[in-house]
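Please keep the sequence and the model in view while reading.

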Amino acid sequence: MVWVGHVRTKEDRVGLMNRHVHQLATAVAASRPFVTVTDLATMLGTGEQKADRCLIPDGLHLSTACLDEAAKVLDTQLPPRP
């Protein structure tokens, strides 16, 4: 099972909470050997900074181009399909 964390959005109230939820998920997953946590912010190279290059004008949602970019990275991290 793969859990994917979220990026930091334009508005700190949402963006910082997204990052906090990712940290909590990582901590919880540590006790579950069947869960891998993948950080969307790492996949997109935004880290803890606001993901400005990936956000659509509402400052909250990701662009299709960045979702496609993340999907390509995630695909390389998943086990081969049968």
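## Overall build

Among contacts in the protein chain between residues at least 6 apart in sequence, what percentage join residues at least 24 apart? In this predicted model, the share of such contacts that join residues at least 24 apart is 61%.

The protein chain contains three helices and two strands, and, read from the N terminus, these elements follow the order β-α-β-α-α. Its C-alpha trace extends over about 40 × 25 × 15 Å along the principal axes. Of the 82 residues in the protein chain, 32% are buried, while the chain exposes about 5500 Å², of which carbon and sulfur atoms supply 61%.

## Charges and their pairing

In general, side chains of opposite charge can pair when their charged atoms come close. The structure holds six salt bridges, and some of them are described below.

## The surroundings of E11

E11 sits in the loop between β1 (2-5) and α1 (12-29), and its C-alpha atom is separated by 9.8 Å from that of D58, a residue 47 positions away along the chain. E11 forms a salt bridge with R13, in which the closest N and O atoms are 2.7 Å apart. The two partners fall into separate accessibility classes: R13 counts as exposed because its relative accessibility of 65% is over 50%, whereas E11, with a relative accessible area of 40%, is partly exposed.

## Salt bridges across the sequence

A salt bridge also joins K50 and D12, with 3.6 Å between the closest N and O atoms. Because K50 lies in the loop between α2 (40-43) and α3 (64-77) and D12 in helix α1, this pair ties together parts that are 38 residues apart in sequence. K50 is partly exposed, at a relative accessible area of 32%, and D12 is also partly exposed, at 33%.

In a further salt bridge, R19 pairs with D39, and the closest N and O atoms are 2.9 Å apart. This pair links distant parts of the chain, since R19 belongs to helix α1 and D39 to strand β2 (residues 36-39), 20 residues apart. Are R19 and D39 buried or exposed? Both R19 and D39 are buried.

Salt bridges with shared partners also connect R8, D12 and K50 into one network.

How values were computed:
Residues are numbered from 1 along each chain as its sequence is written. This is a predicted model: local features need pLDDT of at least 70, side-chain atom pairs count only at pLDDT 80 or more; totals for chains, interfaces and linings use all residues. Side-chain values use heavy atoms; hydrogens and water are left out. Helices (H or I, at least four residues) and strands (E, at least two) are DSSP runs, numbered from the N terminus. Buried means under 20% relative accessible area, exposed over 50%, partly exposed in between (1.4 Å probe, protein chains only). Contact means heavy atoms within 4.5 Å. Accessible areas come from the Shrake-Rupley method with a 1.4 Å probe; for residues, only the protein chains shown count as cover. A salt bridge is a side-chain nitrogen of Lys or Arg within 4 Å of a carboxyl oxygen of Asp or Glu.
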